[in-house]
Amino acid sequence: MRQASGRSGTLMIDGLPAPHPQQLYEITVEPAGGSPTNLPTGPILGKGL
């Protein structure tokens, strides 16, 4: 089984709400204009707290 290596970084995007303590973020690729379901539709490419 392959283990993922952890990395730390800061992603700054204008227009996102301020995070809450221990809030989970998952990064996906969505169609232009956003998700048609208002929920993630693409595979999770990254996640973090």
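Trainee: What percentage of the 49 residues in the chain do buried residues make up?

Mentor: Please note the basis first: this is a predicted model, in which local features need pLDDT of at least 70, side-chain atom pairs count only at pLDDT 80 or more, and totals for chains, interfaces and linings use all residues. Residues are numbered from 1 along each chain as its sequence is written, and side-chain values use heavy atoms, with hydrogens and water left out. Buried means under 20% relative accessible area, exposed over 50%, and partly exposed in between (1.4 Å probe, protein chains only). Here buried residues make up 4% of the 49 residues.

Trainee: How many helices and strands are there in the chain?

Mentor: Helices (H or I, at least four residues) and strands (E, at least two) are DSSP runs, numbered from the N terminus. The chain has 0 helices and 2 strands. Strand S1 spans 25–28, and strand S2 spans 44–48.

Trainee: Which residues does Lys 47 touch, not counting residues up to four places away in sequence?

Mentor: Contact means heavy atoms within 4.5 Å. Lys 47, in strand S2, touches Leu 24, Tyr 25 and Glu 26 beyond that sequence limit. The C-alpha atoms of Lys 47 and Tyr 25 are separated by 5.3 Å, although the two residues are 22 apart along the chain. With a relative accessible area of 66%, Lys 47 is exposed. Over the chain, residues 24 or more positions apart account for 16% of the contacts with a separation of 6 or more.

Trainee: With which side chain does the side chain of Thr 28 make a polar contact?

Mentor: A polar contact is a pair of N or O atoms within 3.5 Å; within protein, one must be able to donate a hydrogen and the other to accept it, and residues adjacent in sequence count only if both atoms are side-chain atoms. The partner of Thr 28 is the side chain of Glu 30, at 2.7 Å. Thr 28 belongs to strand S1 and is partly exposed at 21% relative accessibility. Leaving out residues up to four places away in sequence, Thr 28 touches Pro 40, Gly 42, Pro 43 and Ile 44. Between the C-alpha atoms of Thr 28 and Lys 47 the separation is 9.1 Å.

Trainee: Which residues form a nonpolar patch on the surface?

Mentor: Like charges are joined within 9 Å, and nonpolar side chains (Val, Leu, Ile, Met, Phe, Trp, Tyr) within 5 Å. Accessible areas come from the Shrake-Rupley method with a 1.4 Å probe; for residues, only the protein chains shown count as cover. The patch consists of Leu 11, Ile 13, Leu 16, Ile 27, Val 29 and Leu 45, with about 630 Å² of accessible area together. Ile 27, in strand S1, is partly exposed at 44%. The chain exposes about 5000 Å², and carbon and sulfur atoms supply 57% of it.

Trainee: What is the phi of Gln 22?

Mentor: Most residues other than glycine have a negative phi. Gln 22 has a positive phi of about 60 degrees; it lies in the segment before S1 and is exposed at 64% relative accessibility. Asn 38 also has a positive phi, near 65 degrees. Asn 38 is found in the loop between S1 and S2 and is exposed, with a relative accessible area of 72%.

Terms used:
Patch = residues over 30% accessible without salt bridge, like charges linked within 9 Å, V, L, I, M, F, W, Y side chains within 5 Å. Salt bridge = Lys/Arg side-chain N within 4 Å of Asp/Glu carboxyl O.
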